[in-house]
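Trainee: I would like to go through the terms used for this chain and see what each one rests on.

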Amino acid sequence: MASAELQGKYQKLAQEYSKLRAQNQVLKKGVVDEQANSAALKEQLKMKDQSLRKLQQEMDSLTFRNLQLAKRVELLQDELSLSEPRGKKNKKSGESSSQLSQEQKSVFDEDLQKKIEENERLHIQFFEANEQHKHVEAELRSRLAALETEAAQHQAVVDGLTRKYMETIEKLQNDKAKLEVKSQTLEKEAKECRLRTEECQLQLKNLHEDLSGRLEESLSVINEKVPFNDTKYSQYNALNVPLHNRRHQLKMRDIAGQALAFVQDLVTALLNFHTYTEQRIQIFPVDSAIDTISPLNQKFSQYLHENASYVRPLEEGMLHLFESITEDTVTVLETTVKLKTFSEHLTSYICFLRKILPYQLKSLEEECESSLCTSALRARNLELSQDMKKMTAVFEKLQTYVALLALPSTEPDGLLRTNYSSVLTNVGAALHGFHDVMKDISKHYSQKATIEHELPTTTQKLITTNDCILSSVVALTNGAGKIASFYSNNVDYFIASLSYGPKAASGFISPLSAECMLQYKKKAAAYMKSLRKVQQSLEKISKLEQEKEHWMLEAQLAKIKLEKENQRIADKLKSTSSGQLVGLSQDNAALSNAAGQDEAAAKAVPEPVQSTSLVPDVESREDLIKNHYMARIVELTSQLQLADSKSVHFYAECRALSKRLALAEKSKEALTEEMKLASQNITRLQDELTTTKRSYEDQLSMMSDHLCSMNETLSKQREEIDTLKMSSKGNSKKNKSR
């Protein structure tokens with residue numbers, strides 16, 4: 001599953017990479033085009049710069065030429081100024097030379113004028129070329145700046161995309177490596193699972209053989225040793241104690257507790273409804289404080305005053321039913337004896353409703369006949385009359401189904417077990433009907449109270465009573481809705497819990513057998529408690545025996561050590577004095593006898609010794625005993641740790657084997673289901689083959705019959721043709737003879 005998701009993710013990333021790669025190619029092409037345009041513009045700018053430099057050189061040359069011409073003009077003017085005085089002195093002699101100078105001057109003037117015009121024209125061309133160059137240069141520079149900006153943007157986009165592509169490629173490579181590693185691990189796990197499956201199949205086969213052998217052995221033992229099979233007959237099987245389902249009992253007790261709370265709310269609402277109805281009769285249509293009410297309303301008020309004696313038992317019956325459902329009982333319809341009590345209380349309340357219904361209807365008719373009653377109020381009273389009839393009918397229907405559910409605990413033949421589910425379903429329908437009726441009553445009574453409040457003769461006492469009745473009706477509606485929804489939510493559990501009973505039987509046969517079963521259950525529980533106590537006592541005795549053996553061994557060890565120590569002390573005291581040796585040996589003998597009886601006496605051996613030279617020996621002996629016990633504790637601790645580690649290891653192995661067995665069972669069930677499906681498909685195909693074969697055979701038979709009929713018709717036609725031929729031949733012969 002994870003590899004498929006990663007493969008899909010890898011494919012999506014590859015598609016995105018291909019799209020981004022195509023976009024990258026387009027952007028690269030655009031960047032290359034822009035770079036080519038920029039190079040062409042740079043080349044044009046270079047050429048313009050060259051032409052500008054050429055024009056500048058020409059301008060410089062023209063300027064230099066103009067300077068030369070200006071100098072020449074100045075020289076000519078100087079020469080002219082020098083030649084004029086000389087001309088005055090030598091007019092006569094220089095007429096010919098003056099004419100020559102005039103001609104030269106005119107030539108120079110013409111040449112100078114041409115040069116001036118040419119210089120002016122060149123200045124104009126230079127100015128125009130300079131302005132054009134500046135304009136072109138500004139355009140090219142602005143275009144170059146825009147192109148450089150676009151190139152920088154494109155380069156940034158290309159760099160971002162390249163970085164993104166590299167990150168994507170790196171991520172895909174990492175995902176690919178992870179997928180490869182995961183695929184390798186999955187392949188290894190698949191191989192291990194195959195090996196485990198084979199092992200589990202072998203274990204399953206061995207277990208199947210073992211269980212088959214045990215089953216055969218158990219069957220043989222049962223057939224040979226069991227004298228009486230109480231599960232063969234349902235009458236005896238009903239006395240067997242079923243398996244205790246604590247969860248079922250807690251669930252039933254919780255449901256019963258919720259039902260008790262709903263019934264208590266419903267009882268409170270019914271008490272308020274009947275009580276406030278009684279108060280209303282006393283004040284409307286005639287106020288009893290002012291005038292005497294009608295005998296009908298007096299009787300109706302008297303009956304309503306007794307409502308608590310009929311309504312309160314409903315709560316008490318439900319409380320007894322809740323208390324009868326405990327964790328130790330078996331809760332089914334055959335064992336809920338208190339349901340009969342609740343049914344009887346509900347029956348008595350139904351009788352109360354039947355008794356007050358005619359008086360209630362007559363009281364509403366009396367209100368309609370009153371002069372204060374309007375047409376709208378009369379219509380509401382008629383609707384309330386119908387609602388009260390429906391309410392009584394719904395309660396009667398509900399009481400009928402509750403009485404049917406109470407029959408299995410008192411009269412087992414009164415209700416068949418196959419009808420339990422239908423009765424429970426009908427109880428839910430009756431509760432929903434009760435809720436619908438209460439909604440109608442609430443609606444109509446609200447309209448009635450609104451109309452009465454608008455009457456001019458309505459007193460504050462009547463308004464308050466109507467509000468109280470309306471609040472009680474609303475509480476009844478809400479309670480009925482809660483009970484109906486609560487029952488609908490749990491009816492499936494009620495129906496499913498009907499199968500909770502004796503094993504391998506349809507249920508409890510009779511209330512007597514159910515009661516006997518409950519007694520047997522109590523005895524079995526007490527017996528199991530006594531067995532548990534005996535087991536605990538045996539375990540305690542075994543622990544005490546182990547401790548006894550342990551302390552006996554420890555006492556023997558202490559005794560041996562004490563004897564060795566006494567021997568060492570005796571050997572040491574032989575060299576001191578004979579009197580002290582005798583006293584010490586006697587004391588040590590007494591102490592050794594005491595140490596043989598108890599370990600505490602062994603520890604108290606050095607106390608009676610009064611010699612100060614024995615104090616180091618006492619301390620060394622205590623150290624020795626202490627070291628011995630510490631070594632023993634360390635040894636026992638290591639053994640306990642080893643046992644714990646082994647138990648944990650064995651537990652892990654058992655858990656793994658149980659998991660393997662569960663997997664094998666699941667695979668076995670899956671294979672069994674596949675075999676069932678395959679067998680069903682085979683049977684279906686065989687049936688289809690049989691049907692097609694039959695249809696083909698029927699068609700062939702029909703075709704053969706049709707061919708036979710056609711052959712018969714052909715033979716008949718041939719016979720007719722032959723007869724016609726014979727008759728025609730006879731006629732022709734007759735004609736010839738004629």
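This is a predicted model: local features need pLDDT of at least 70, side-chain atom pairs count only at pLDDT 80 or more; totals for chains, interfaces and linings use all residues.

Mentor: Residues are numbered from 1 along each chain as its sequence is written, and side-chain values use heavy atoms, with hydrogens and water left out.

Trainee: How many helices and strands are there in the chain?

Mentor: The chain has 14 helices and zero strands. Helices (H or I, at least four residues) and strands (E, at least two) are DSSP runs, numbered from the N terminus.

Trainee: Why is asparagine 381 called buried?

Mentor: Buried means under 20% relative accessible area, exposed over 50%, and partly exposed in between, with a 1.4 Å probe and protein chains only. Asparagine 381 has 0% relative accessibility, so asparagine 381 counts as buried. Asparagine 381 is placed in helix α8 (residues 375–406). Leaving aside neighbours within four places in sequence, asparagine 381 is in contact with Leu364, Glu367, Cys368, Cys373 and Lys448. Contact means heavy atoms within 4.5 Å.

Trainee: What makes arginine 280 buried?

Mentor: Arginine 280 has a relative accessible area of 5% and is therefore buried. Arginine 280 is in helix α4. Not counting residues up to four places away in sequence, arginine 280 touches Glu367, Tyr445, Lys448, Glu452, Leu462, Thr465, Asn466 and Ile469. Arginine 280 and threonine 465 are 185 residues apart along the chain, and their C-alpha atoms are separated by 6.2 Å.

Trainee: Why is serine 442 called buried?

Mentor: The relative accessible area of serine 442 is 16%, so serine 442 is buried. Serine 442 lies in helix α9 (residues 420–453). Apart from neighbours within four places in sequence, serine 442 is in contact with Leu470, Val473, Val474 and Thr477. Over the chain, buried residues make up 26% of the 738 residues.

Trainee: How do you know how α4 and α7 cross?

Mentor: Two packed helices are described by the angle between their axes and the distance between the axes. The axes of helix α4 (residues 246–283) and helix α7 (residues 338–369) come within 13 Å and cross at roughly 35°. Axes are lines fitted to C-alpha atoms, for helices over the stretch in contact, and angles run from 0 to 180 degrees between N-to-C directions. α4 passes α7 in a left-handed crossing; that term applies if the near helix is turned anticlockwise from the far one by less than a right angle.

Trainee: Which residues in α4 and α7 meet?

Mentor: From α4, Leu270, His274 and Arg280 meet Tyr349, Phe352, Leu353, Ile356 and Glu367 in α7. The residues of this contact divide into five nonpolar, one polar and two charged.

Trainee: What makes the aromatic pair of tyrosine 349 and phenylalanine 395 edge-to-face?

Mentor: Rings of Phe, Tyr and Trp (its six-membered ring) pair if their centres lie within 6.5 Å; planes under 30 degrees apart count as stacked, over 60 as edge-to-face and the rest as tilted. The structure holds seven aromatic pairs. For tyrosine 349 and phenylalanine 395, the values are 5.5 Å centre to centre and 75° between the planes, and the pair is edge-to-face. The pair links distant parts of the chain, with tyrosine 349 in helix α7 and phenylalanine 395 in helix α8, 46 residues apart. Tyrosine 349 and phenylalanine 395 are buried. One aromatic cluster is formed by Tyr310, Tyr349, Phe352, Phe395 and Phe434.

Conventions. Ala, Val, Leu, Ile, Met, Phe, Trp, Tyr, Cys and Pro count as nonpolar, Asp, Glu, Lys and Arg as charged, and the others, Gly among them, as polar.
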